[in-house]
Amino acid sequence: MKPENPHPPLRLHVPEPTGRPGCKTDFSYLRVAPAGAVRRPSIDVAPADTSDLAYTLVRVLDDEGRAVGPWDPQADPALLVRGLRAMLKTRIFDARMLIAQRQKKISFYMQCLGEEAIACAHALTLHDGDMCFPTYRQQGLLLARDDVPLAEMICQLMSNERDPLKGRQLPVMYSYKRAGFFTISGNLATQFIQAVGWGMASAIKGDTKMTPRSHRPGSATGRPPKRTSTRR
Ligand SMILES: Cc1ncc(C[n+]2csc(CCOP(=O)(O)OP(=O)(O)O)c2C)c(N)n1
């Protein structure tokens with residue numbers, strides 16, 4: 001006969017959410033750093049010395065919309081306007097294509113809602129010959145450029161007869177050699193290795209070409225997207 005179980009009965013606690021659809025949400029639990037307050041380490045900092053940054057929010061714009069603090073890139077206003085335009089274009093493109101997917105005109109779609117800046121900002125810092133190893137939410141790399149027509153991207157999404165990839169890839173898995181845009185692969189995190197290898201080869205050759213690479217937050221570390229670059 002088994003001895004009597006000494007443990008008390010289990011209890012189940014389901015916490016109340018701080019907000020529900022249609023109700024006012026209480027965000028007071030969020031601890032948001034003031035704009036300009038978070039430190040900016042040097043780019044050769046040891047990873048172990050950056051862990052505090054993973055638990056805070058780098059805010060550059062203050063409540064009046066002014067860029068403040070060590071992360072302010074001091075960017076030229078004309079460049080900022082180009083970046084904003086590219087981000088808005090990406091958001092509008094995504095909204096339209098999502099509707100097309102819901103209408104069953106295309107079989108698959110991936111938005112990058114809320115992370116448009118990652119791809120668009122990268123696109124505006126790259127030079128001819130630089131190489132991107134993108135993931136499936138970085139259409140801004142293409143949409144920020146003037147040499148990739150929207151119609152061509154839409155044909156890829158529709159896998160129609162003007163699809164440059166001739167229907168051999170899933171929608172959103174674009175491939176643009178002329179834009180330094182390596183074919184998107186559905187396999188998560190493979191691009192990281194490819195980008196590092198490409199960057200190392202560029203450095204070994206004594207080249208100046210670089211490769212930005214951000215990987216999906218959940219695919220390797222559970223942290224926000226990272227960037228590798230080999231600009232020397
Ligand atoms: C090597 C590999 N394993 C599993 C998958 C299946 N898969 C597709 S998307 C995904 C989740 C990706 O999450 P995250 O990296 O956070 O990006 P998100 O799409 O949520 O922005 C997984 C596991 C995959 N594509 N590749």
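How many residues does helix H1 have, and how far does H1 reach from its first C-alpha to its last? Select residues 77-102: helix H1 has 26 residues and reaches 37 Å, close to the 38 Å expected at 1.5 Å a residue, the expected span being 1.5 Å times one less than the number of residues. Helices here are DSSP runs (H or I, at least four residues), numbered from the N terminus. The model is predicted, so local features need pLDDT of at least 70 and side-chain atom pairs count only at pLDDT 80 or more, while totals for chains, interfaces and linings use all residues. Residues are numbered from 1 along each chain as its sequence is written.

Next, colour Gly83, Ala86, Met87, Thr90, Phe93, Asp94 and Met97, the buried residues of H1; buried means 20 or more other C-beta atoms within 10 Å of a residue's own, exposed 12 or fewer, and partly exposed in between, with C-beta atoms placed from the backbone. Their cover includes helices H2 (116-125), H3 (140-143) and H4 (150-158).

Now show H1 together with H2, whose axes come within 9 Å and cross at roughly 135°. Among the residues that meet there are Leu79 and Arg82 in H1 and Glu116 and Cys120 in H2, contact requiring C-beta atoms within 7 Å. The residues of this contact divide into eight nonpolar, two polar and three charged.

Just after H1, select Lys104, which takes a positive phi of about 65°.

Finally, move to Pro149 in the loop between H3 and H4, where the residue is exposed, with 10 other C-beta atoms within 10 Å.

Terms used: Helices (H or I, at least four residues) and strands (E, at least two) are DSSP runs, numbered from the N terminus. Two residues are in contact if their C-beta atoms, placed from the backbone, lie within 7 Å. Axes are lines fitted to C-alpha atoms, for helices over the stretch in contact, and angles run from 0 to 180 degrees between N-to-C directions. Ala, Val, Leu, Ile, Met, Phe, Trp, Tyr, Cys and Pro count as nonpolar, Asp, Glu, Lys and Arg as charged, and the others, Gly among them, as polar.
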